[in-house]
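Student: I'm new to this structure. Could you take me through one part of it up close, in one go?

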Amino acid sequence: MYDFYFGERDAVLEDEVGYLISVKRMMPRWCNSIPDSELVAIHNDLERSNVADSGSQGVLVETGCGASTLVLAYGAFKYDKRLYTWDTNQNKLAYVRGILTDTLGRLFGRSVQDVWTYVPYRSDSQDLGIAVLGEFEHTVDFAFFDSEHTSEVLLSEVRGTLDFAND
């Protein structure tokens, strides 16, 4: 494992995007499949969204785990949110958890479990998928879909998330 230390917290927060890209580039390819520009776009979308609104109690949703989890977990730490991630690859989830612990956990001085819940199952399952958000009475502030890449699964994820979406 690499040492993900990139400076003191104040310096990192002055260049959030640079920090996130630096960490992303140290991740192995099998869990780093989005380009840098997409990571930056997700970061910028989070900054412009209602996620930054301290009055919103919604959660962040992600299907598929990887470099996108890094930026979404960063947003969860920064805005005191909870991120839910669905992925069927338990090894990938565990590996990314280690990276988040070594980077964001250290940066924010909090446990990754404070902000991230991962579900090692299909996102479109009625039993353990996005539908479980209703059982917790969660609303969704932000979602990023990057799981199976089929229209059937993507439409199921979008429809399931819309049931809980904030304005």
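Let's start with serine 123, which counts as buried because its relative accessibility is 9%, and the cut-off for buried is under 20%. Keep in mind that this is a predicted model. If you skip the neighbours within four places in sequence, serine 123 is in contact with Thr63, Trp86, Gly129, Ile130, Ser147, Val153 and Glu157.

One of those contacts, Ser147, takes us on to the largest pocket, which has a volume of about 290 Å³. Its lining is made up of 21 residues, and Gly64, Asp87, Asp146, Ser147 and Glu148 are the closest to the centre. Sorted by class, that lining has 9 polar, 6 nonpolar and 6 charged residues.

Gly64 from that pocket also turns up beside threonine 69: leaving out residues up to four places away in sequence, threonine 69 touches Gly64 along with Glu62, Leu83, Thr85, Val96, Leu100 and Trp116. Threonine 69 belongs to helix H4 (residues 67-79), and its relative accessible area is 0%, so threonine 69 is buried.

While you're here, have a look at the second largest pocket, with about 190 Å³ of space. Of the 13 residues in its lining, Ser56, Gln57, Tyr79, Asp80 and Lys81 are the closest to the centre. By class, you get 5 polar, 4 nonpolar and 4 charged residues there.

How values were computed:
Residues numbered from 1 in each chain as written. Predicted model: local features only at pLDDT ≥ 70, side-chain atom pairs only at ≥ 80, totals over all residues. Heavy atoms only, no water. Buried < 20%, exposed > 50% of the residue type's maximum accessible area, 1.4 Å probe, protein only. Contact = heavy atoms within 4.5 Å. 1 Å grid on protein atoms, 1.4 Å probe; cavity = no way out; pocket = protein on both sides within 12 Å on 5 of 7 lines; lining within 4 Å. Points joined across faces, edges and corners; volume = space filled by probe spheres on them. Nonpolar A, V, L, I, M, F, W, Y, C, P; charged D, E, K, R; others polar. Helix = DSSP H or I, 4+ residues; strand = E, 2+ residues; numbered from the N terminus.
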